[in-house]
Amino acid sequence: MAEENSTETSIICYAPSMITTNGVWQGDNPLDFSLPLFVLQLTLVVVVTRFFVFVLKPFRQPRVISEILGGIVLGPSVLGRYDKFANTIFPQRSVMVLETMANVGLLYFLFLVGVEMDIMVVRKTGKRALTIALGGMVLPFVIGAAFSFSIQRSEDHLGQGTYILFLGVALSVTAFPVLARILAELKLINTEIGRISMSAALVNDMFAWILLALAIALAESEKSSFASLWVMISSAAFIAICVFVVRPGISWIVRKTPEGENFSEFYICLILTGVMISGFITDSIGTHSVFGAFVFGLVIPNGPLGLTLIEKLEDFVSGLLLPLFFAISGLKTNVAAIQGPATWVTLFLVIFLACAGKVIGTVVVAFFHGMPVREGITLGLLLNTKGLVEMIVLNVGKDQKVLDDETFATMVLIALVMTGVITPIVTVLYKPVKRSVSYKRRTIQQTKPDSELRVLVCVHTPRNVPTIINLLEASHPTKRSPICIYVLHLVELTGRASAMLIVHNTRKSGKPALNRTQAQSDHIINAFENYEQHAAFVAVQPLTAISPYSTMHEDVCSLAEDKRVSFIIIPFHKQQTVDGGMEAINPAYRLVNQNLLGNSPCSVGILVDRGLNGATRLTSNTISLQVAVLFFGGPDDREALAYAWRMAEHPGITLTVLRFIPDEDVTEAASTRATNETDRKMNVDIKKQRQLDDEYVNNFRAANTEYETIVYIDKVVSNGEETVAAVRSMDSSHDLFIVGRGEGMFSPLTAGLTDWSECPELGAIGDLLASSDFAATVSVLVVQQYVGPLGLDDDMDLPDSPVHSHEQPNAIYGLENPR
């Protein structure tokens with residue numbers, strides 16, 4: 001196939017009747033016809049690409065690696081080596097259709113890249129990012145130039161300048177979208193190094209486009225020295241028309257469309273047609289068609305129009321058409337063309353030198369800016385990310401005969417290796433200096449009654465916000481003990497670079513939301529800001545975590561530790577349906593909850609949201625809740641009681657504490673069964689926990705005997721069945737159940753309940769209360785106490801007796817609000 005594809009003298013006959021088949025029953029072979037063959041090729045490309053995405057996911061490799069690998073596997077390097085496969089699936093007559101469609105996909109993808117890229121960000125990057133971008137480009141460019149001398153053939157008709165430009169750009173470019181994805185995977189997107197590398201990559205991308213346009217102009221106009229000049233003048237004129245004619249026109253469209261309404265189909269169609277017209281113009285004047293599409297995308301103003309275009313095109317273009325372009329690159333890559341050990345040595349030498357060149361250039365500039373050497377090396381490695389722009393450079397170079405098969409294959413492998421090694425090397429090399437945060441108040445039980453309570457509230461959607469706000473209001477913020485609330489909107493990381501750029505405090509109020517995620521963030525923030533204004537002694541700070549669901553808990557845990565939080569509230573993964581049942585919203589939410597319970601640096605509460613009475617009443621004097629605590633014993637139950645004790649200080653809260661006590665026979669039976677050493681140790685631990693429970697409950701009762709709003713009941717039960725009956729018998733007048741998760745605690749009173757539990761992360765009792773078949777539809781807060789190296793048994797601060805004081809409103813304590 002390699003020989004067939006490289007033959008220039010082949011004559012391809014075109015017959016209009018060969019587009020669609022009459023069907024296999026008429027004796028036609030579908031693969032002899034253009035459309036069925038193209039559909040099969042597209043399907044194969046997408047399937048192979050997705051297979052590699054799946055295989056490489058554990059290695060945190062960007063999607064571009066999978067797409068290039070998919071193309072190489074389908075090409076002459078692997079499957080294409082078999083003539084039968086090459087001639088049947090990728091015959092030479094089909095290459096024109098395939099390349100045309102791939103270039104249409106490329107055209108629209110580069111338009112989307114232009115739409116997503118904000119020129120203003122490039123202007124605001126500052127000298128540091130600008131100099132780092134230039135420092136990272138110069139040395140690799142020089143290495144590419146030197147490499148060009150070693151591969152130029154004497155019979156080639158092109159000048160040395162063209163080679164230098166093509167190879168220099170290919171080695172020095174940084175792929176901004178790929179880098180954004182890698183930074184997000186490595187949790188570096190919001191760090192200083194992440195921000196610098198993103199800014200530098202943006203600058204680098206802009207320079208790369210200018211150099212690419214220059215390289216194409218030189219390559220296509222070697223015949224006449226004036227032609228290059230005309231190409232450059234025409235390109236400058238095209239850019240000027242886009243900026244001074246097209247941009248004002250599109251701004252007029254944005255102004256004409258009322259805020260919050262959809263853009264008319266006519267305007268969207270006009271813009272999408274404009275992409276093709278721009279591609280046609282730039283192709284006609286001698287630069288590549290993608291250059292026109294990219295510039296046209298850049299002049300689309302940031303805002304709702306850009307997001308509308310992205311949402312309409314993104315999935316189709318990047319999921320279906322773009323892999324075709326990488327497949328074409330792979331089909332042109334014949335690894336067998338790299339012959340002789342000398343060429344392979346050159347290949348590895350160039351990979352090493354280009355990587356080292358960018359790293360050295362970046363380290364030198366970073367050193368002048370006072371950055372540590374290790375950070376400079378990491379920055380240099382990150383800026384080695386290759387992707388689409390380099391593949392475009394290489395494809396154009398091959399089409400223009402600048403690169404032969406061997407050089408092209410070499411450069412594709414270089415791009416593959418350089419991008420592939422970044423994630424593992426950076427993971428090993430750069431570990432952000434994590435401050436050793438040591439704080440004692442990691443639980444509500446340890447938080448002193450006259451100190452600030454810090455709570456981290458995690459929210460996926462605005463649906464849970466009213467219940468959480470009412471729960472926080474019921475937590476009784478006072479002048480003596482204000483509440484500082486960090487509201488964290490959890491957003492799934494998509495493949496889109498623009499998804500990372502959601503920052504609340506930078507967006508001017510009153511501007512429309514750019515997309516659904518930002519609209520949700522706005523609703524959540526507005527609700528909590530409204531609560532902050534109406535409530536006294538509350539400080540709210542909104543934040544957003546954007547990560548894959550598999551690592552989202554890491555963001556939550558690190559934020560909780562940084563902010564010295566005592567309690568994390570996160571919603572349950574199921575929501576109540578109209579008929580009172582429970583259905584899963586998103587199974588990934590459950591994974592986040594499970595990971596958080598296993599890794600949290602403080603206490604955690606999972607909120608099963610079935611609504612709280614007074615969901616619309618935000619002022620502190622109107623909230624009225626009936627709260628019940630089911631106490632079985634253990635650290636989790638003591639934490640649940642500590643939180644309820646704090647809530648009981650609120651004048652509108654009525655608290656019922658139901659303590660389940662095992663029958664004496666059950667206790668004796670458990671003691672006699674303790675035969676071996678492990679059982680005895682467990683018995684000792686149970687006795688110790690029971691002692692702590694008695695001590696804590698006695699303190700609670702002694703402090704609250706005179707309050708009529710607090711009711712304490714002892715309930716003696718002997719097994720799980722009696723426990724379930726007692727729980728079910730509780731009347732449905734309660735608005736909220738608070739229970740401990742009971743992790744690590746064996747109790748004969750809950751024995752057997754875990755055997756049929758749907759959600760073990762809630763514990764036996766929590767799962768029972770949250771199940772669809774539980775008669776009462778009451779909200780449930782399942783609490784897990786932080787049990788860490790700080791011995792929880794020692795120096796446990798017990799809350800003082802409640803003091804219902806009448807504090808002055810409008811005072812904000814704790815965190816200074818950043819707005």
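Biologist: What makes E7 and E12 a pair, and in which sense do they run?

Modeller: Two strands pair if DSSP finds at least two bridges between them. Strand E7 (residues 603-608) and E12 are joined over five bridges, in the antiparallel sense. Val608, for instance, has Val780 of E12 as its bridge partner. Please note that this is a predicted model: local features need pLDDT of at least 70 and side-chain atom pairs count only at pLDDT 80 or more, while totals for chains, interfaces and linings use all residues. Residues are numbered from 1 along each chain as its sequence is written, and side-chain values use heavy atoms, with hydrogens and water left out.

Biologist: Which strand pairs with E12 in the parallel sense?

Modeller: Strand E11 (residues 736-740) does, over five bridges. Leu736 has Ser779 as its bridge partner in E12.

Biologist: Why is strand E12 described as largely enclosed?

Modeller: Buried means under 20% relative accessible area, exposed over 50%, and partly exposed in between (1.4 Å probe, protein chains only). Six of the six residues of E12 (residues 779-784) are buried, so the strand is largely enclosed by the rest of the structure.

Biologist: How do you know that both faces of E12 are covered?

Modeller: In a regular strand the side chains alternate between the two faces of the sheet. Ser779, Leu781 and Val783 lie on one side of E12, Val780, Val782 and Gln784 on the other, and all are buried.

Biologist: Why is Val243 called partly exposed?

Modeller: The relative accessible area of Val243 is 35%, and partly exposed means between the buried limit of 20% and the exposed limit of 50%, so the term applies. Val243 is found in helix H11 (residues 225-256).

Biologist: What makes a nonpolar core, and which residues have the most contacts inside the largest one?

Modeller: A nonpolar core is a set of buried Ala, Val, Leu, Ile, Met, Phe, Trp, Tyr and Cys residues joined through side-chain atoms within 4.5 Å. The largest has 129 residues, and Leu110, Phe111, Trp209, Leu388 and Ile392 have the most contacts inside it. Helix H10 (residues 192-220) gives the most to this core, with 14 residues. Apart from it lies another core, of 52 residues, among them Ile568 and Val739.

Biologist: Which residues is Leu110 in contact with, its neighbours within four places in sequence left aside?

Modeller: Contact means heavy atoms within 4.5 Å. Leu110 is in contact with Trp209, Val290, Ala293, Phe294, Leu388 and Ile392.

Technical notes. Helix = DSSP H or I, 4+ residues; strand = E, 2+ residues; numbered from the N terminus.
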